Amino acid sequence: MPSQRDVGFTLTFLGIIGAVATLILGLYWAPLVDPGSWNAPEAYRILYWHVPFAWSSFLAFSMLFVGAISWYRNRTDWGWRWVSTGSDLGLLFGLGVVTSGPIWGSAEWGVPWDWGDLRLNTFALLTAVAFFLVLSKKSQPDGQDTRDTLAAIGLFGFALVPITAVATTWYQERHPGVVIVNSEESGLDPQIFSVLVIGFVSFLILFVGLAILTDLVQRMESKLEQRLREIDEEVAN
Amino acid sequence: MLRISDLEVHRGNRVVLSGLELYVSSGDILALEGKNGSGKTSLIEACAGILPLTQGKVEWMTPSGEWLTVRDSEGRRSRPPLMGLTLQSDGICGEETVEERLMTSIEIFGLKPTEVAITEMLSEWGLDHRREDRVSQLSGGLTRRLSVLSGLAPVALSETPSVSLLDEPSEGLDSAARLTLSNWIGELSSRGHAIVMATHDQELISESTRIISIQSGSISETAGEGRTGLAELPSACPKVEPSPILTLAGWAFRMEKRNPVDTIGRLTPAILALLLSYTILGGIDIPRTASMSTHIGYDLVAALVLAPAFISAVVSPALVRRLSEEDCGRWWAAMLGPMARPANSVISASILLPIPLTYISWFVLSGSIPEETSDEVLKWLWLPALVIIDVSCAASALHLLVSDLRRSSAVAASLLLAVLVWPFIELMDALSVIMTSGMSLDLEIGSPLSSCILASLTAVMVWAVAVFLPEY
């Protein structure tokens, strides 16, 4: 049976290959969207990465949320590992969303940021929370109190979602925002749909691979810490 | 007087205390001994209700004889009854004077000591000649004396039997202070009070009535020799209904009055923002760019008018930094119980500055605004400025949340403060509408009043999440 490490590396490798393939197909194979409906039809191609980034970061933030609840309720070790993995991957994929989004927004809307857009702002705030957690995990001594505070901040991130939703919804009433894509009415071109599906699957595989590797690193760090403590006790005796 | 049931405390992946049962009775002198990292401090802090528990509960007996759950693993918390507490790292802010610190530790439980009693206690501990000095000016040994005295004094002045929790009380004390400590402990015990102390001091251990050895998370108990009282303690003083939050507010006010770093720390960036805004607006002809239909121009003016107050509101409060000194915040957390965080977040917020700052900002920046518009704005500017106080409370709560981390200076709180951009945008919108269309008391979406209410609600929601979530 392959080890956790081998599975993690293999999936990560396959995910990267798939993501690169998505990029190439999106740039050279997928058809151009209707120039009459879009301000910057060429720029839409960035969505082949932007949307899977958003999907993966949603998975990561969900993992962070579930882990934070589990840690908070029962102080489970797996709960804390999910907080750690969720924040690491939330930062990685969230940064993908909030950098690719404004690039497309600049081309399509003429402005990189729309304060009335719920998705963009929610992802930005959650990515900021994930960034905070990643920085804090590195800089703080590990302990139950530290984990309690960071898990609370993870939950705080999720409490931001309805706050952001209310704020942006009301704000949009005065400043109608631009809807990113409204494709349900017209349906997606089969080629566009295919590339998007390849992107979803590739990023999902990449996400799972990275999650396995991150979890493995955390287990190893935990073991290393345990060994160090044993050495401390031996030295003290 | 104090009982602990099935206690389990974790530090990281390590179980520090497990399945611990302990009962403290009147007159007990209980010494907790064990190696470094064995869990002595964790047990003291768990008794004080500071530490979150993985399992079990800590209960204190109230003067009426009922058991009160101070903390349990389900998240229930209460303020402990009268107690003394000396933390391992003193728990004192350097800004306090010696006398202030002693008075605070006593008055927070509603005790009203006489001047004579305070002088007697300070004299006995060799601190009377330094009573007006700030703690930051004391040597480490004198600070430790004050910290230990503050942990013993409320118990000594109490008529009803109480418990004093002392973490390494003899650490850093000279032989004279060490003898005073022994005498006080003996005398308090003979008066029916209980002492729980974590210590490596073999003399103190031998003078205790019960010796609790902590090893690998569990405890074993042996009897000690005990000690009879030799000290002359001040007599018990009258007790009134305690108001711990007012005590904290008074303490915070005195610290700020003595060294106004909070006011200066908030005003400086606000003034800089105002000057920058003035420079920016000076280069723009507002009447020409302003449009009644799109708000462009007035949106910018509104943002710049509110920016100084907003910036002053989100600055890290000085109280948070003061509470970070030498575990001072943990001492207050024990004294206030579950009300510590809400009280700290409101007391440390910028309450006085937003309204005057916003008006000053308007006077400086409204040069090119028509007089009629200006009159309407002046009449209603207090409303968005008032909401900035809510924003400041939310920001303080977030700073407090971050300060829970042991190395809070090593993290970027600004990443969490980003959420407060929403109330700011709503307030900017409200002010812009007041400038273009005048004030309206309608509650329809987009009216200035509804925008202000929404901004306030958003700030209150952030405050509530940051204050109540970490407690459960």
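How many residues does α16(B) have, and how far does the helix reach from its first C-alpha to its last? In this predicted model, in which local features need pLDDT of at least 70, side-chain atom pairs count only at pLDDT 80 or more, and totals for chains, interfaces and linings use all residues, α16(B) has 22 residues and reaches 31 Å, close to the 32 Å expected at 1.5 Å a residue, where the expected span of a helix is 1.5 Å times one less than its number of residues. Residues are numbered from 1 along each chain as its sequence is written, while chains are lettered from A and ligands numbered from 1 in the order in which they are written. Helices (H or I, at least four residues) and strands (E, at least two) are DSSP runs, numbered from the N terminus.

Of the 22 residues of α16(B), 20 are buried, so this helix is largely enclosed by the rest of the structure; a residue is taken as buried if 20 or more other C-beta atoms lie within 10 Å of its own, as exposed if 12 or fewer do, and as partly exposed in between, with C-beta atoms placed from the backbone. Two other helices of chain B pack against α16(B). The axis of helix α13 (residues 340–347) of chain B comes within 8 Å of that of helix α16 (residues 382–403) of chain B, and the two cross at roughly 125 degrees, the axes being lines fitted to C-alpha atoms, for helices over the stretch in contact, with angles running from 0 to 180 degrees between N-to-C directions. That angle makes α13(B) oblique to α16(B), given that angles under 35 degrees count as roughly parallel, over 145 as roughly antiparallel, 65 to 115 as roughly perpendicular and the rest as oblique. The crossing of α13(B) and α16(B) is right-handed, a crossing being left-handed if the near helix is turned anticlockwise from the far one by less than a right angle, and right-handed if clockwise.

On the α13(B) side, B:Arg341, B:Asn344, B:Ser345 and B:Val346 meet B:Cys393, B:Ser396, B:Ala397 and B:Leu400 of α16(B), where two residues are in contact if their C-beta atoms, placed from the backbone, lie within 7 Å. By class, this contact of α13(B) with α16(B) has four nonpolar, three polar and one charged residues (Ala, Val, Leu, Ile, Met, Phe, Trp, Tyr, Cys and Pro count as nonpolar, Asp, Glu, Lys and Arg as charged, and the others, Gly among them, as polar). The axes of helix α14 (residues 354–365) of chain B and α16(B) likewise come within 8 Å, crossing at roughly 135 degrees, and the two helices are therefore oblique to each other, in a right-handed crossing. Here B:Pro354, B:Ile355 and B:Thr358 in α14(B) meet B:Trp382, B:Ala385, B:Leu386, B:Ile388, B:Ile389 and B:Ser392 in α16(B), a contact that divides into seven nonpolar, two polar and no charged residues.

Two loop residues of chain B have positive phi. Most residues other than glycine have a negative phi, and most peptide bonds are trans. Phi of B:Asp90 is near 65 degrees; this residue lies in the loop between β6 (83–86) and α2 (98–107) of chain B and is buried, with 25 other C-beta atoms within 10 Å. B:Asp327 has a positive phi of about 60 degrees and is placed in the loop between α11 (318–324) and α12 (328–336) of chain B, where it is partly exposed, with 19 other C-beta atoms within 10 Å.

Chain A has six helices and zero strands, and buried residues make up 42% of its 237 residues. Among contacts in chain A between residues at least 6 apart in sequence, 79% join residues at least 24 apart. One residue of helix α6 of chain A, A:Ile205, is buried, with 20 other C-beta atoms within 10 Å; its C-alpha atom is separated by 7.1 Å from that of A:Leu14, 191 residues apart along the chain. Leaving aside neighbours within four places in sequence, A:Ile205 is in contact with A:Leu11, A:Leu14, A:Gly15 and A:Gly18. A:Trp104, in helix α3 (residues 77–108) of chain A, counts as partly exposed with 18 C-beta neighbours inside 10 Å.

Between the chains, 36 residues of chain A are in contact with 33 residues of chain B. The elements giving two or more residues to the side of chain A that touches chain B are α4 (118–139), α5 (144–174) and α6 (190–236) of chain A, and α5(A) gives the most, with 18 residues.
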